[in-house]
Amino acid sequence: METINFVVSGLGGQGILFMTKVLAQAALKKGCRVMGAETHGMAQRGGSVVSHLRLGDSKGSLVRTGTAHFLLSLDESEAYRNLPFLAPGGALYANAGPRSFPRGEVRAYLEKKGIRWRAMEATRAAVDLGAPLSSNLALLGFFAGSGEGPMGPRDLEETIEMISPERFRNQNLRVFRAGLESAGGVREPGAMATVGRRASSWPRAPLPAWDA
Amino acid sequence: MTKEEIFLGNGAVALGLLEGGCQVLTSYPGTPSSEILPEAIRLIRRENLKTYVEWSTNEKVALDNAFAAAAAGKRAACCMKQVGLNVASDSLMSAAYLGTTGGLVIVSCDDPGPHSSQTEQDTRLMARLAKVPVLDPSSPEEARQMAALALELSEEFSVPVILRPAIRVCHARQGLSPGALKDREGPASFQKDPLRWAATPRYRLVLHGELNRKLEAVRKRFEGLSSHNHHDLEEGRRYPLGIIAGGVPWAVVRDILAEEGRGDLPVLKIGTPFPFPEETARLFMDACDKVLVLEEPDAVIEYFLRDGGKVRGRLSGHVPPQGELVPEVIHGILDRVLREDGLTPLSEPGGKEVRDLVMGLELPVRKPTLCPGCPHRASFFAIRKAWPKAIFTSDIGCYTLGLNQGAVDTCLDMGAAITMASGFYQAYRQDGVEQPVVATIGDSTFYHSGTAGLLNAVYNDARFILVILDNLTTAMTGMQPTPGLGIRADGSRGKAVSLERVVRGCGVDFVEVVDPYDVGAMISLLKEAQAHVRDKGIAVIIARHPCVIAYREEAVPRPIRVTVTEECKECNICLDRFGCPALYHDEELGRTALKPHLCNGCGVCIQVCPKGAIVEA
């Protein structure tokens, strides 16, 4: 199996570790081999946090720059900071205003490299549901709703249900579903023209054929 | 339990130790090692094992305790970060000579980068210095296998063994299939032998000879240990370039070679850097015209390869002498070496364009910061306000981030807030200058190594204010309990050791407790303390308030809704000297404003604003 590389970025306290854990657990359930790398310690106190997730036969836990298929970012600046990870033809999901994202010079780069992007205001969605610290689940739902990656929305939802602490379970699921909803609704100019292939046809190529 | 589960690398270490029959497990938390003990406790509970666990007060204590268990024939392990091994090194050096009856494994986790440490030191060099075998895993799965192997080797050869996972192993996640765990039989049975266990220098020479013979036997075992020392040479083939790698760089370079389809470059993996498997390495070297050595954080394998002319690595300048060998760095090193030798280079990695693009965006620098509502922030504000001209010595923990408030000037090592404070005081007093010094140290760090420095300061009449920032937990490393709480590693009750009593026991006459959320009270206490320092001696203030992450509700029982009014005159004291992430400068409003979703309602900022512009909503 070719390795599929994810990079998840944001700020300490935004729940990057939990988000990565959901992705990893769901992939494991799908029968993928899972390898990942996390940030702990000092940087968790509000600094830039990045976690890596590799599905497939990789030996190392770190994604090399220029080889990530997916970059999921809970913060707009952190999305830009981690752009070097993305492979040509990869996909970027960001917690940012869909109308203003990405900045002009970034947009030109993404278009040139065939990198597709989608943005949603995940923090606002989470705040609206009374769970201001759950932007991670909103963005995860948004990603799931786009039908990309080996794990589909159902797998991710079941995983969230399974691994959420009891007192956050329902709230987590609500925020995830809100993200899922908004993935169906948002169609911004420059955003993906088509939704990627469904999970059942994954994976055949190192980079999925986005325009299939 | 045979189903595949995702394990943190540190969980894999815990699993391996328990699979290897570990009966006693001790640790002091420190990134990247902190999760080993909690993960072990999770497995011990799940499998109903009898393994004894403890959070020890420091790493030396942890090693001594585990050593005694191993001297009594048990299988024991202690876990720490690499700089923790410095603290435990007194014990380690001697333990190597005395040897073990059962098994003793020291897990020391390295931090190339460094991501969360004072140094990039290499545990493998400590192993060489102490003359104990060291195993260097490349993945969580290998860390698990090596943890069990280390216990077996230790018992077989009667020598302590170090397991050295680096941060990318500790904090990797991998799917593993754990088998059933069961308790190892074998009661404690210490065989008295004072000649050995209490050896005098004369007999230490004998023990040194014994240790050297053990190491030679272990080396022979390592030569044949093909599960962890292996290569992919084809018989009779010569290679212009070979790669020798260990630990995480091995995993990284294997991935790069697989991606690039480079079967022409053989790789020797060294999983046992000391005692070095010389014959295995020589065989590989003989088949290659040149070799590139990839290891971190320092050069160890490279020193053992005696044919220096063939070898490229840190010593030859081909590998950077500091910093983590992340995949793009290894890709660059390998590519340069291939080009230098006139061999087919790697594929162009690109990336310059995007790096330049990102550089040009002038993205905000994300400094780590104390959490909203953190009691340390309130303490630092008060300290800085009461004694703006003092030298602020501090220590290792979340509160090093008092840097952001101009209230931390030094951070040397565990406990140095106190020892550097006395050092500064004496250095100035020699010149007849009474320099105010305010030291800050966390509760767990104080228990770890504060008392010796405090005793010394009292005894030698060093005069300064010591503020013990008591948030009732070991926050930075993941909320481990401290001796002050009386809750033990497994959640059972221990005896709470009162900070106040320990401080008084060190001979300090001025010991006061204050809640730092009351900024005014803390400032007046600091002034009172300085009067005591001037006239009588050292003063200790215990600033006690629970950590807002560990004790959400108790830390802020009645959240206050805060707002910023138009009285704000943009003096920015709240941003520069307090610096709560929930406060920011709003360009449009032309004043400080609040991010309500980050505010946890501690209300301390209300006391901070000199204009009274921050108020309860």
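Residues count from 1 along each chain as its sequence is written, while chains are lettered from A and ligands numbered from 1 in the order in which they are written. Since I'm on a predicted model, local features need pLDDT of at least 70 and side-chain atom pairs count only at pLDDT 80 or more, whereas totals for chains, interfaces and linings use all residues.

**Chain A overall.** I looked up the elements first: chain A has seven helices and six strands. Helices here are DSSP runs of H or I with at least four residues, strands are E runs of at least two, and both are numbered from the N terminus. From that end, the order reads β-α-β-β-β-α-β-α-β-α-α-α-α. Of the 212 residues in chain A, 59% count as buried. For that label a residue needs 20 or more other C-beta atoms within 10 Å of its own; 12 or fewer makes it exposed, in between is partly exposed, and the C-beta atoms are placed from the backbone. I also checked contacts (C-beta atoms, placed from the backbone, within 7 Å). Taking those in chain A between residues at least 6 apart in sequence, 65% join residues at least 24 apart.

**Strand 2 of chain A.** Which way do the residues of strand 2 point? Val34(A) and Gly36(A) go one way, Met35(A) and Ala37(A) the other, and all are buried. Next I went through the pairing, which takes at least two DSSP bridges between two strands. Strand 2 of chain A runs antiparallel to strand 3 (residues 48–55) of chain A, with four bridges, and Ala37(A) has His52(A) as its bridge partner there. In strand 8 of chain B, Gln174(B) stands opposite Met35(A), and Arg173(B) is the bridge partner of Gly36(A).

**The A–B contact.** I get 36 residues from chain A and 44 residues from chain B. On the side of chain A, the elements giving two or more residues are helix 1 (16–29), strand 2, helix 2 (76–81) and helix 3 (104–112). Strand 2 of chain A gives the most, with four residues. By class, this side of chain A has 15 nonpolar, 14 polar and seven charged residues. The classes put Ala, Val, Leu, Ile, Met, Phe, Trp, Tyr, Cys and Pro in nonpolar, Asp, Glu, Lys and Arg in charged, and the others, Gly among them, in polar.

**Helices 5 and 6 of chain A.** How do helix 5 (residues 135–145) and helix 6 (residues 153–163) of chain A cross? Their axes come within 9 Å and cross at roughly 155 degrees. That makes helix 5 of chain A roughly antiparallel to helix 6 of chain A. Leu137(A), Leu140(A), Ala144(A) and Gly145(A) in helix 5 meet Pro153(A), Leu156(A) and Ile160(A) in helix 6. For the angle words, under 35 degrees is roughly parallel, over 145 roughly antiparallel, 65 to 115 roughly perpendicular and the rest oblique. Axes are lines fitted to C-alpha atoms, for helices over the stretch in contact, with angles from 0 to 180 degrees between N-to-C directions.

**Sheet in chain B.** I found an open sheet of five strands, order 9-11-10-12-13, with mixed pairing. Its edges are strand 9 (229–231) and strand 13 (311–312) of chain B, each pairing on one side only. Strand 10 (residues 239–245) and strand 11 (residues 267–270) of chain B run parallel with three bridges, and Ala245(B) stands opposite Lys269(B) in strand 11. Helix 12 (residues 278–287) of chain B lies across strands 9, 10, 11 and 12, at about 150 degrees to strand 10.

**Helix 11 of chain B.** Among the buried residues of helix 11 are Trp250(B), Asp255(B) and Ile256(B). Their cover includes helix 8 (167–170), strand 10, strand 11, strand 12 and helix 14 (327–340) of chain B. Gly261(B) follows helix 11, and its phi is positive, near 60 degrees.

**Gly537(B).** I find Gly537(B) in the loop between helix 21 (519–535) and strand 19 (539–544) of chain B. Is Gly537(B) buried or partly exposed? Gly537(B) counts as partly exposed because it has 17 C-beta neighbours inside 10 Å.

Notes. Two residues are in contact if their C-beta atoms, placed from the backbone, lie within 7 Å.
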